[in-house]
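Dear colleague,

Please find below the sequence and structure that I am handing over to you. My notes on what was found follow directly after them.

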Amino acid sequence: MAEQEANIVLSIRDMCKSFGRNRVLDHIDLDVKRGSIMGLMGENGAGKSTMMKCLFGTYQKDEGTIILDGKEINFSGPKMALENGIAMVHQELNQCLERNVLDNLFLGRYPMKRGVVDEARMKTEASELFRRLDMTVNLTAPMKTMSVSARQMVEIAKAVSYNAKLIVLDEPTSSLTVKEVAKLFEMMRNLKEQGISLVYISHKMDEIFEICDEVSVLRDGKMVLTRETKKTNMNELIAAMVGRTLDNRFPPVDNHPGETVLSVQNLSTKFEPKLLDISFDVRKGEIFGLYGLVGAGRTELLETMFGVRTRAAGRVYFNGRLINFNNSREAMDHGFAMITEERKATGLFLEGDLTFNTTITNLSHYMTGIALSKEKMVKATANEINVMHTKCMGPTDAITALSGGNQQKVIFGKWLERAPEVFLMDEPTRGIDVGAKYEIYELIIKMAKMGKTIIVVSSEMPEILGITNRIGVMSNGRLAGIVNTKETDQEELLRLSAKYLWIGGEMTWKIRM
Amino acid sequence: MPAKLQKLKGTRAYGYLILLAMVLFFYAVFKILTPDNFGSPANLYSYLQSSIIYSVGGCGLYFIVVMGLFDFAVGANVVLSSIVGVILSEHFGYVGFVVGCLGCGTLIGLLIGTLYNQLNVPSMIVTVGLMLIFECVAVFVAGGVKQTLAPELRFFSGAPGNIILAVLAFVLMYFILNYTKVGTYCNAIGSNEFTAKNMGINVKKYKLIGFILLHFFVGIMAILTVSYGTTMTALTGMTTMSRNFQPLMGTFFGVAFRKYGIPISAIVIGEFIISIIFNGFVALGAPTTIQNVVTGAALLAIVALTARGARGSVVK
């Protein structure tokens, strides 16, 4: 028994947390073993973030105990947690991008010598740290010149440099390529061998099964399942997360594309990152996927079509008419809508409520005489809440009170209010739990059946293969090929995405690792 | 905090309660310190009359401050528009006065907004530069002479004229803010300019409209200011700068109490609070320097207590 206890680095017992009358964490128990990787899953709003915030002292728990290495702890903030051996690597990295690796590593704890910063010591210690982690990093490179994965590695290295016993990784692979994910996993295994424990928060099942020793599932603030990964399966985890079984991860793609309505011809962009000579057609009621490695130009293609990126050459035709948009308003007036990749940064008004966020793109429709009708706006919002099954108290809820998945539903609802003909979607299910994802897939297919043309960008291979009719594969700013989803596989998509990486015998696109 | 008050938190009623508590607090402080010289009903009415002038300017400023912009040419516009209004009133009576003030004010807003959009430099720099120019223009237009509003054109100098005009301005502000695209888009741009652009909002256009609206309200403020003071003198050397701050203080109240859904009431009551503090110090016979120090400190305290960012949030 004592040996078993000694083997546990973090033990959470009966932890509760409520906001007003809303109980967000309900008697949570969790044990993380030393030198192991614990997966933590749950739908958006299940309580994962709150649990971590209680652990790191951002929130104070109402009840329960947290024991780290045999000692009860109650941190007052993340800095205290870090100094006591618990670190977190956030999905959106908090780094000073203008400063170099060394500065970011030692920020807030610069070693001093005779009153000045001891840079030599910083370099020595950093070199030793990266050597130990088997990483090659240019210590003086500004962070902004590094890839997301490299920056993530630096963040993990920083946690290790604080002698972390436990590192929490929150959705670390959401912006990584397949190779970068492999590199991250290698590093995680390395840390595990060194006796460091990891908590791995992710919505990606395949990754959980690949890297985690155990997995715990939160649902509605309760810890509903903890199992060794080898003793469970995908269906059991999904059932635990959503409280019901999802027989398939993707609904049947039973839409029937019609005639060609959208034609992109020889499209190139003016500014970096550049698109070169892209041509493709999309049919009415078709779900056209865009796949490619990070930086391949998928987002830029959608933005150029939507008029928010400057076109250098090429034409876009919709229903036989030339429609080279110069701004988003023109695109919207022609029945286009675009869901952006960064939900919070470019998709939502975080100071507004649901009504504000739902009606903002379509204000002219809610006028009575010369004035906006609050009644019409609230009614439209209530309708979208209903259609999208958004979990909220009502149209006056603050948008920030909603989970990520429900915020995404509000964004969908906002555009649906305009009844668009062409829907451009950039990573529409990023950071969303499996239940909400399924609902969004259903919605996409339903819209396609209604004759809407959909272009969807996704970095998740199963998703792009699971919900599209055809897939255009981007490589280094070019369209490497178009394949029928039913006739292709992961290997072909990967092969096409690497097609233009080599130009003139030189690799122009690099995985900077 | 009592349970009933906790329930009210975040509601309009809670916002009004805070404002009312502030009014009572400052009133009580000065009434205790100088019971004879401060706070009689007649005095309070006088404080209200002076504060509504700034409230009108504060309402105008709200349109651009909420979008993250500033304008230091408000004072210069008050002087220039007043002078233009008074000169036109000599030929066209009330029509000339009102059209002169509103027309000049609005045109200045159009000029500032256009230059801001075209030059692509921060609004503070554009408006400081233009403030210097407008001050000189005012001196030129006035011909170096103090302009006096004719006695028969002073309907807006006191109640009910000034109250009617101010209330009309507040109603207009309320309507624009809550029931028009302009108000909604101003809030959207302030919340996230990049998202607003993606949503098809013509950000430049609505910033221009924001400046025009601001200076239309400044035009109204000019009518009230010159009517209240009866004369206006044009001076150069950034002397109009001090006229910017009192409306701006009201705007800060508005922005701070936006979360309770009562920005306009907060501007009006906030200006009244500032007026109480100013007049309280006058009643105490405190020197101007002390008055300014305490007023500044009170403003900082009020805004810090009411508009403080969430824990861990970045405040710029």
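Chain B has 316 residues, for which a compact globule would have a radius of gyration near 20 Å; the chain has 20 Å in this predicted model, and therefore agrees with that expectation. Its C-alpha atoms fill a box of roughly 65 × 60 × 35 Å along the principal axes. Of the 316 residues in chain B, 47% are buried. Among contacts in chain B with a separation of 6 or more, 79% join residues 24 or more positions apart.

As to secondary structure, chain B contains 12 helices and 2 strands. Their order along the sequence is α-α-α-α-α-β-α-α-α-α-β-α-α-α.

The contact between the two chains involves 18 residues from chain A and 14 residues from chain B. On the side of chain A that touches chain B, α11 (328-333), α12 (343-347) and β20 (371-372) of chain A each contribute at least two residues. That side of chain A comprises 10 nonpolar, 6 polar and 2 charged residues.

Within chain A, strand β4 (residues 63-68) pairs with strand β1 (residues 8-19) in the antiparallel sense, over 5 bridges. β4(A) and β5(A) form a hairpin with 2 residues between them, and A:D69 in the turn has a positive phi of about 55°.

With kind regards

How values were computed
Residues numbered from 1 in each chain as written. Chains lettered and ligands numbered in written order. Predicted model: local features only at pLDDT ≥ 70, side-chain atom pairs only at ≥ 80, totals over all residues. Helix = DSSP H or I, 4+ residues; strand = E, 2+ residues; numbered from the N terminus. Rg over C-alpha atoms; globule rule 2.2 N^0.38 Å. Buried ≥ 20, exposed ≤ 12 C-beta atoms within 10 Å, placed from the backbone. Contact = placed C-beta atoms within 7 Å. Nonpolar A, V, L, I, M, F, W, Y, C, P; charged D, E, K, R; others polar. Pairing = 2+ DSSP bridges.
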